[in-house]
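Colleague: Could you take me through this model? I would like to ask about it piece by piece.

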Amino acid sequence: MAKQPAAQNPPAESGDALPSHLFRQAVEQAALAISITDARANILYSNAAFQRTTGYGQDEIVGHNESILSYRVTPTLVYETLWAQIQRQRPWNGLLVNKRKDGTRYLADVTITPVVNDAGLTTHYLGMHRDVTEVHRLERQVQNQKTLIESVVDAAQVAIVLLDEQERVLLDNQEYKKLIGDLGKEPAVKLLAALRTQMGAAFTNAYEHHRNLAAREVCIASPNNTTRWFSCAVSWFEEHDVGADAFYEPLRRHYLLLTIQDISELKRQQEELRINGLRALLSEQERIQGVRETLAGAVYQLEGPLNMLSAVAHMLERRLTTPTSSSGTDGVGLLSASALEEAIQKSREALEALRACIPIQSRKEMQAVDLNEVLSDLLKLTTASLLGAGIVVEWLPSDKPALVFGHPAQLSNLFKQLLSNAIEAVNEQRGGRRELRIACTPCADYIEVFVEDSGPGIAEELRYKVFQPFFTTKGAAQHHLGLGLAMAQEVVSQHGGTIDVDPGYHHGCRVRVQLPCLRGTSHV
Ligand code: FAD
C-alpha cells in the first residue's frame, strides 16, 4: 500500500472486544468499494474493492479528489444535495454516473457518511459504493417491458382486467374503463357472477382449480335496462410472492386475467338473421299451406258431385240390368251406363292424382321447443303489422322456459295461424278496444297458451264447428277456405295436446292451447 490514512493502527485497548487492526482488515477486505476522504473529499484511503470497481489502485488515487470519478453527466443539483446533506452531518445515498480509470462509465450506488470527531466536527468522510449498472439495466428493462405491456393492453380493442383471488382489480385498460361507464362498478365482478350462474358447477370447479376458460358468451342487463352480450375468457397465472417472508419459502399467488369482448352488436345481427330466417321459413310454409288448402279444397269440392254421379250410375245400372215383363234389357241404356261408369272411374283417378299433388308437411325430428321463444319470435315478426293496425299487445311469457317436445316449424305455424286470426278479428271490429293478449303459462304437466283478441268473438254454437275443415264464418270473397283452425287442431293433436275456444271468455275470442310439457320439466 502506497499511502495509509492518517491514523496508525491503534493498540487494542483493554476491555475492547475486538483488536483495532481487525477493523482495518475488515475494511480492507470488504466487498464494497470503500474510500476515506478529508473534509474536502480528497481521498486518503481506498480498499481493494475500490480498485476492482474503479481501476484505480490506492497509490494512484490517494491525494486525488473524489471528483476524479465523476463522468460529468450527473446534474450539479445532485452534488449540491449531496454536499448539503453530508455537511449537516447526515449520511447521503444516491446514484452517480462514474468513470473508471479506463474511461468507461458505470452507475454507482454511493453512500457517504460523515466521520465526526469528539468535538463534533466533521473531519473525514467515509464513501462506500458499488457498481449497479447491470441492476439498473435490468430494472429499466423490466420497467420498459411493463410500460410496453401496459400500452399494448391499453390499446387493445377488448376490455382486459387483472384481478387477485379476492376479485379486486389490480390492473385494467381503457376499454375496461369504458365498460365501467356503461355497466357501473365492477363489470368484472358482475360478469364473473353471471358466468357462475350460467355455468354452475363447471365454473366453480374451473375457478377453484385455476383452470382457464375459453371464450364464453354471457349476457347481463345494463343499468338502462338493455341486455348486453359479452364474450369472456378467463386465464389464470401464478406469481411468486415478492415479500421478504417468502424469500426462502416461496409463496404463490394466483391472478385472474379476464378478457371481455362486447358482442352485443354481433348478437343483434345474429338475432336479425335468425328472425329473417324464421320469416322466410314461415312464408314458405304459408305458401305450401296455401297450395295444400287449395288442392284439398278442390278435391273436397269435386268429391261431392262425383259421389252423386256414382250413386246415379249405380241406380241406372241396377234398373237396366233388372229385366221387366214388357221390355227386355235396354242395350243403349246399358251402353250409356257403362260409359258413365268409365267416366266416373277416370274422374276418380284424376281426383287421386290431384290428391297425390297435395304437398305433405315436412316431418323434421321432434325436439325440445320453448314456447316462450316461439311466441316472442312470432310477435317480433308481426310487430310491424300490429303497429300498423294500432293494436295494443300484451305479452305475458312464463318466467321459466316453457318446454314442449315437438316440431318447431309446425308449432310456429300453429301460433302464427292463431295470431293472424286474432289480428284479423280485431281489424274486423269497427271502433272499440284493439287489443291482443298472449300468455304462456306452465301448468302441472302441460303448457297453456292463451291467444285473446278484442274482436267480435265466436258464437257459442260455432265453437266446435270452427275447427272443422272448410268451415268459415267469412265469405268466399275474403278468400277463406276455412282450413286454418283445422290445421291448427291437426298440429295440436299431433303433439298430444288440445285446442278450444274458451266458453268463459266474453270480451272477444280466447283460443286456449294446451300442450304436454317436455318430460322431466314438470313446472309444479
Ligand atoms: P465540484 O465543484 O467538486 O462540486 C459540485 C458542487 O458540489 C459544488 O457546486 C458545490 O455545491 C458542491 N461541493 C463540492 N465540494 C464541496 C465542498 N467541499 N463543500 C461544499 N460543497 C461542495 N462524486 C462523484 O462524481 N463520484 C463519486 O463516486 C463520489 N464519491 C464521493 C465520496 C465522498 C466520500 C465524497 C465526500 C464525495 C464524493 N463525490 C463523488 C463528490 C465529489 O467530491 C464532487 O463533489 C463531485 O464529483 C462533483 O465534482 P465537480 O468537480 O463536478 O464539482
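Colleague: Before that, what kind of model is it, and how are residues numbered?

Modeller: This is a predicted model, in which local features need pLDDT of at least 70 and side-chain atom pairs count only at pLDDT 80 or more, while totals for chains, interfaces and linings use all residues. Residues are numbered from 1 along each chain as its sequence is written, and side-chain values use heavy atoms, with hydrogens and water left out.

Colleague: What is the radius of gyration of the protein chain?

Modeller: The protein chain has 48 Å, whereas a compact globule of 524 residues would have a radius of gyration near 24 Å. The radius is taken over C-alpha atoms, and the globule rule is 2.2 Å times the number of residues to the power 0.38. Along the principal axes, the C-alpha trace spans about 175 × 50 × 40 Å.

Colleague: How many helices and strands does the chain have?

Modeller: There are 13 helices and 17 strands. Both are DSSP runs numbered from the N terminus: helices are H or I with at least four residues, and strands are E with at least two.

Colleague: What percentage of the residues is buried?

Modeller: Of the 524 residues, 34% count as buried. Buried means under 20% relative accessible area, exposed means over 50%, and partly exposed lies in between, with a 1.4 Å probe and protein chains only.

Colleague: Now the ligand. Which residues come nearest to it?

Modeller: Arg-72, Tyr-79, Trp-83, Gln-87 and Asn-98 come nearest, out of 17 residues around the ligand. A residue is near a molecule if one of its heavy atoms lies within 4 Å of it.

Colleague: Which atoms of the ligand lie 2.8 Å from the side chains of Tyr-79 and Trp-83?

Modeller: For Tyr-79, an oxygen atom of the ligand is 2.8 Å from a side-chain N or O atom. For Trp-83, an oxygen atom of the ligand is likewise 2.8 Å from a side-chain N or O atom. With Gln-87, a nitrogen atom of the ligand is 3.0 Å from an N or O atom of the side chain. A polar contact is a pair of N or O atoms within 3.5 Å; within protein, one must be able to donate a hydrogen and the other to accept it, and residues adjacent in sequence count only if both atoms are side-chain atoms.

Colleague: How much of the ligand does the protein cover?

Modeller: The protein covers 74% of the 900 Å² of accessible area that the ligand has on its own. These areas come from the Shrake-Rupley method with a 1.4 Å probe.

Colleague: Which elements give two or more residues to the shell?

Modeller: They are helix 4 (76–87), strand 3 (92–99) and strand 5 (122–131). Helix 4 gives the largest share, four residues.

Colleague: Changing topic, how many disulfides are there?

Modeller: A search of the whole structure finds zero disulfides, a disulfide being a pair of cysteine sulfur atoms within 2.5 Å. For Cys-440, the nearest cysteine sulfur is that of Cys-443, 9.3 Å away. For Cys-509, the nearest is that of Cys-440, at 18 Å.

Colleague: Are Cys-440 and Cys-509 buried or exposed?

Modeller: Cys-440 is buried, at 3% relative accessibility. Cys-509 is buried too, with a relative accessible area of 7%.

Colleague: Where does Ala-41 lie, and what is its phi?

Modeller: Ala-41 is in the loop between strand 1 (33–38) and strand 2 (43–46), and its phi is positive, about 75°, although it is not a glycine. Ala-41 counts as buried, at 6% relative accessibility.

Colleague: And what about Glu-167?

Modeller: Glu-167 also is not a glycine and has a positive phi, of about 60°. It is found in the loop between strand 6 (159–163) and strand 7 (169–172), and at 17% relative accessibility Glu-167 counts as buried.

Colleague: Which peptide bond is cis?

Modeller: The bond from Lys-185 to Glu-186 is cis, with omega near -10°. Glu-186 lies in the loop between helix 6 (174–183) and helix 7 (187–199).

Colleague: Finally, what does the side chain of Arg-463 lie 3.1 Å from?

Modeller: A polar atom of that side chain lies 3.1 Å from the backbone oxygen of Val-501. Arg-463 is in the loop between strand 15 (446–453) and helix 13 (484–494), and is buried at 9% relative accessible area.
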